[in-house]
Amino acid sequence: ATIVHDFVLLLGALLVSADVAFIESQFHLLGDAWYRHFLILAVVHGATAYLYRSRAVLSLSIAAVAAWLGVSERNSIGTHYAMRAFECAFLLLTWRAAHVRFDRKQKLRDFAPSFEHFAANIAFAGSIALMFDDATRVLGCLLALAVAAIVIAWGVRVKREMFVLYAFLYAVLAVEVLFAHFVREEVLIFLFVVVSLIGAIVALFAIHARVREWRT
């Protein structure tokens, strides 16, 4: 299949999503359990992704799973959202483990990174949600740093630059928020942010150079 076929397939999957959402909004077939249409879409898109070996459609299935668990709620601040995010990340990693186990011939080996990227970013989203509340801000920063360490270690292990880059940026954000939480002095916070951003830029160039060494 070419990239054109993949985009046509993706367009068809998006039309299915729009049709299901329209039918549910107009006829309320699921009643109070309206959110279960996300689960239906997750199953349909997941089956389509495996049938046609499409990572693009797989991303729709993963997004539908996240929506079903409540990760896409408008109220994205608080422990409830964070717990849902971590549950979703764990579910995606479980799905990945099952996928790797049963895909022994590695015909769909490109699917595993999709699960990994989604799980990592959703876990980071949960950590960031905790940072909005004074009571959970420190916990959110520490969780973000822990997730960043895991993602960076994984990126180094599998030699994938993108994991290392965005995990490092999330870690810088967590350090800045943690510093601002304890210092609370605007001038010092501003100077720290400026210095950390400059340091982050230098570090990103160093990481990129290191990745080039991996590839050679």
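The following paragraphs go through a predicted model of a protein chain, from its overall make-up to single residues. Residues are numbered from 1 along each chain as its sequence is written.

The protein chain has 8 helices and 0 strands. Here helices (H or I, at least four residues) and strands (E, at least two) are DSSP runs, numbered from the N terminus. Along the sequence the pattern reads α-α-α-α-α-α-α-α. Taken along the principal axes, the box filled by the C-alpha atoms is roughly 55 × 50 × 30 Å. As an example of distance within the chain, Gly12 and Glu186 are 174 residues apart in sequence and 51 Å apart in space, C-alpha to C-alpha. Gly12 belongs to helix 1.

Next comes the surface. The accessible surface of the protein chain is about 13,300 Å², and 68% of it belongs to carbon and sulfur atoms. Such areas come from the Shrake-Rupley method with a 1.4 Å probe; for residues, only the protein chains shown count as cover. A residue is called buried under 20% relative accessible area, exposed over 50%, and partly exposed in between (1.4 Å probe, protein chains only). Of the 216 residues in the protein chain, 37% are buried. Gly12, at 32% relative accessibility, is partly exposed.

Contacts show how parts of the sequence are brought together. A contact means heavy atoms within 4.5 Å. Among contacts between residues at least 6 apart in sequence, 62% join residues at least 24 apart.

Which residues touch the most other members of the largest nonpolar core? They are Phe124 and Val151, in a core of 33 residues. A nonpolar core is a set of buried Ala, Val, Leu, Ile, Met, Phe, Trp, Tyr and Cys residues joined through side-chain atoms within 4.5 Å. Two or more residues of this core come from each of helix 1 (3-27), helix 2 (36-52), helix 3 (55-69), helix 4 (79-102), helix 5 (111-131), helix 6 (137-158) and helix 7 (161-183). Helix 3 gives the largest share, 8 residues. Leaving aside residues up to four places away in sequence, Val151 touches Ala120, Phe124, Phe163, Tyr166 and Ala167. Another core, of 5 residues, lies apart from the largest one and includes Met131, Ala144, Ala174 and Leu178.

Val151 is also one of the buried residues of helix 6, which are Arg137, Gly140, Cys141, Ala144, Val147, Ala148, Val151 and Gly155. These residues cover an arc of only 130 degrees around the axis, so they lie on the same side of helix 6. The arc is that of the directions from the helix axis to the C-beta atoms. The face turned away from this buried side carries the exposed residues Ile150 and Arg157. Helix 6 has 22 residues and reaches 31 Å from its first C-alpha to its last, close to the 32 Å expected at 1.5 Å a residue. That expected span is 1.5 Å times one less than the number of residues. Just after helix 6, Lys159 takes a positive phi of about 60 degrees.

The aromatic rings come next. A search of the whole structure finds 8 aromatic pairs. Rings of Phe, Tyr and Trp (its six-membered ring) pair if their centres lie within 6.5 Å; planes under 30 degrees apart count as stacked, over 60 as edge-to-face and the rest as tilted. Why is the pair of Tyr50 and Phe111 edge-to-face? The ring centres are 5.2 Å apart and the planes stand at 75 degrees, so the pair falls in that class. Because Tyr50 lies in helix 2 and Phe111 in helix 5, the pair ties together parts that are 61 residues apart in sequence. Tyr50 is partly exposed, with a relative accessible area of 29%, whereas Phe111 is buried, at 2%.

Phe111 also touches Ser54, as do Asp6, Leu9 and Ala49, not counting residues up to four places away in sequence. Ser54 lies in the loop between helix 2 and helix 3 and is buried, with a relative accessible area of 1%.

One aromatic cluster is formed by Phe124, Phe163, Tyr166 and Tyr170.

Notes:
This is a predicted model: local features need pLDDT of at least 70, side-chain atom pairs count only at pLDDT 80 or more; totals for chains, interfaces and linings use all residues. Side-chain values use heavy atoms; hydrogens and water are left out.
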